[in-house]
Amino acid sequence: MTTDTDLESERAYLADARADLARMRERAESLDPHRASDGDSAYELAVTLARRVASLQDDPHTALFFGRIDHAAPVTDDTATVYIGRRHVSNADGDPVVLDWRAPVSAAFYRASRTEPMGVARRRRFGIDHGQITAIEDENLLSAAEPSNRSQILAQEIERPRTGPMRDIVATIQPEQDVIVRSDVDVSVCVQGAPGTGKTAVGLHRAAWLLYTHRDRLDRSGVLVVGPNRAFLDHIGAVLPALGEIRVEHSTAVDLVAHARVRSVDSTQAAVLKGDPRMAEVLRAALWARVGRPTEALVIPRGARKWRIPAYEVQEIIDELSTRGVRFNAAREMLPRRLAHAVLLRMERAGDSPDDRVQETVARSTPMKKYAASVWPAVDPLQVLFELWSGPEQLAAAADGVLDPAEQRILLWEKPARTKGNAKWSAADLTLLDELHDLLGRTPSLGHVVLDEAQDLSPMQLRAVGRRCSTGSVTVLGDIAQGTTPWATDSWQTAMVHLGKPEHHLEILDRGFRVPASVIDFAARLLPWMAPGLGAPVSVRDNAGELALLPTSVDGRSAAVVEAVREVLRDIGSIGLIVPDALVGELSESLRHHAIQHGVLGPDAGDDADHRVQVVPATVAKGLEFDHVVVLEPGDIADAEPDTRTGLRRLYVVLTRAVSTLRVIHARPLPPELLARS
């Protein structure tokens, strides 16, 4: 049992911790980077100190710690009681006041239980409001006599209404989530997570944990977060900075391969085919076909003599380089040296004694450069792809035995541009260009990549992401049931192979902490029709939420939407009005006419935190969440997709964006799959 004395004591401890943090920040600000030995060192030190100062900023809206553990048998007095927070805080003597949630000892706060207390006698959680401690909740892990009740502070924090971007979940990480977060840096993890299970937050917190635990390694090699669109990246963009990590790059899958400007949209058939893994074989064949067959001997004049390498011997050298498994440009750069070595052998057989300097001189000579370039020319990826889509003969040669004639016709441009500079590239073309760039020269690898909504990427897109972590590891986040592209994967094992990570850990998250039971049970009716065999998620929230199905007429639906939005505006929290893409303008105008302030999200427009109400196209809703969701015309949302499965999956995504209430307004009948009960 906690008392008012406990509460006052903890508040005093928080005040002291804040004073210690202010002292740490003042100390960091007082350091002079110009005292370094040279200009470069001074610059590096200035950058490091700036980051240090930024990481020591105290946010008055949050407490420096959210939990505490009391050990049953502490090794020292310092470890008897440990406070857990977002960052490490120490006192003037250097003793820890608050431990970073990522420290090894902090794991017990998240994982300790009555059955496995991990040496913890008591776990204490703090209720926080505007940076002040308002409540204390203790859990005795060594007493079987006390009832084990669900933490109300934990439940309130999970279900607390929120506006603006996603926030961190360090205070509410669950044991199964913590296992994923603290997976070793060399382990690639794939997380199959149902809506509301926190998979995105888990992936971001894993990145933060890795950067804390393997700072030197990942500071050198880098960490990247890849998301489906800019709106999503803006939504999650505040999480890592709030955890003190500001050096993580964020990118969409399209921006990752931005080798040209997207100026066209492929047909569904063409986009699916361009994402097919067989395209890697086609591109490899097209590229290596650029290596010519020598028809004339290599002749190198040196002094009064001319040294001759016959064409057949040059071909043998080219064949050997082509089959060594090295990149195109690396092999191309080897060719003059290999040919120069052949010349050197002839010089030695003629009685000369050339050394390595002679070989290097021959390799760099003008005749050698001209000859090597004639048989192994430099290649521009844009030109290779331009010629493939423009020329039936080139495509047929590269795709021989890989793509049938009908598939080749799908890829060919109906009206080819005159030059590669005028070509109208699609998003799928950019991924193929990235493949060509990698065939030319190896793509640098990062230390770790977090890939969210991975189920929507094509095999070729997965290969592009995999290249960015070829020598590092990856955290893959997604939900098979939420795959809304025609090429969406049905198998994580297959997807991980395309990423180049066949050896990985698959983790299942099926306990929903954010989506209430009334909403998830309603949406789960779609699962047997669009993801058979996939288990239904289970909401573990105390609050079952609110679901309302609101039929209306076509003429009355705008008024119904306005009424629904006004109703939820009386409550607290964010509001998402998710509508068919074609109706975004109409509904935005209707809200504006009724003086309801709102923002409009798009694939390239971020989350506007100034508006409680956001109008969201159905195709942009993935990964977002709102306390209150109003969905308009589920039938239209499903029918806008190219096939039934994809349409139902899009609808499943839309319906599961709600954290508290869901209102479904429809003039059309609801899809029959949504009315079926399992």
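## The second largest pocket

The lining of the second largest pocket comprises 17 nonpolar, twelve polar and twelve charged residues. The structure is a predicted model, where local features need pLDDT of at least 70 and side-chain atom pairs count only at pLDDT 80 or more, while totals for chains, interfaces and linings use all residues. Residues are numbered from 1 along each chain as its sequence is written, and side-chain values use heavy atoms, with hydrogens and water left out.

This pocket has a volume of about 1,200 Å³, and of its 41 lining residues, His 61, Thr 62, Arg 86, Arg 160 and Arg 167 are the closest to its centre. A pocket here is an open set of points on a 1 Å grid over the protein atoms alone, with protein on both sides within 12 Å along at least five of seven lines; a cavity is a set where a 1.4 Å probe fits but cannot get out, and lining residues have an atom within 4 Å of a point. Points are joined across faces, edges and corners, and a volume is the space filled by probe spheres set on them.

Which element gives the most to this lining? It is S5, with five residues. Elements supplying at least two residues include helix H2 (39-55), strand S5 (120-129) and helix H4 (152-159). Helices (H or I, at least four residues) and strands (E, at least two) are DSSP runs numbered from the N terminus.

The largest pocket has a volume of about 1,400 Å³. Among its 49 lining residues, Pro 228, Val 254, Ala 427, Thr 485 and Trp 487 are the closest to the centre. Helices H10 (268-274), H19 (427-440), H20 (459-467) and H26 (634-639) are the elements that give two or more residues to this lining, which divides into 22 nonpolar, 14 polar and 13 charged residues.

There are two cavities of 30 Å³ or more. The largest cavity holds about 470 Å³ of space. It is lined by 34 residues, with Gly 196, Thr 197, Gly 198, Arg 514 and Glu 625 nearest its centre. H6 gives the most to this lining, with three residues, and the lining divides into 13 nonpolar, eleven polar and ten charged residues.

S4 runs parallel to strand S2 (residues 81-85), joined by two bridges, and Ile 84 stands opposite Leu 99. Strands count as paired if DSSP finds at least two bridges between them. With strand S3 (residues 89-90) the pairing is antiparallel, also over two bridges, and Val 89 stands opposite Val 98. Five residues lie between the strands of the S3 and S4 hairpin, where Gly 94 takes a positive phi near 85°.

## Helix H27

Ten of the twelve residues are buried, among them Leu 648, Arg 649 and Arg 650.

Note on methods
Nonpolar A, V, L, I, M, F, W, Y, C, P; charged D, E, K, R; others polar. Buried < 20%, exposed > 50% of the residue type's maximum accessible area, 1.4 Å probe, protein only.
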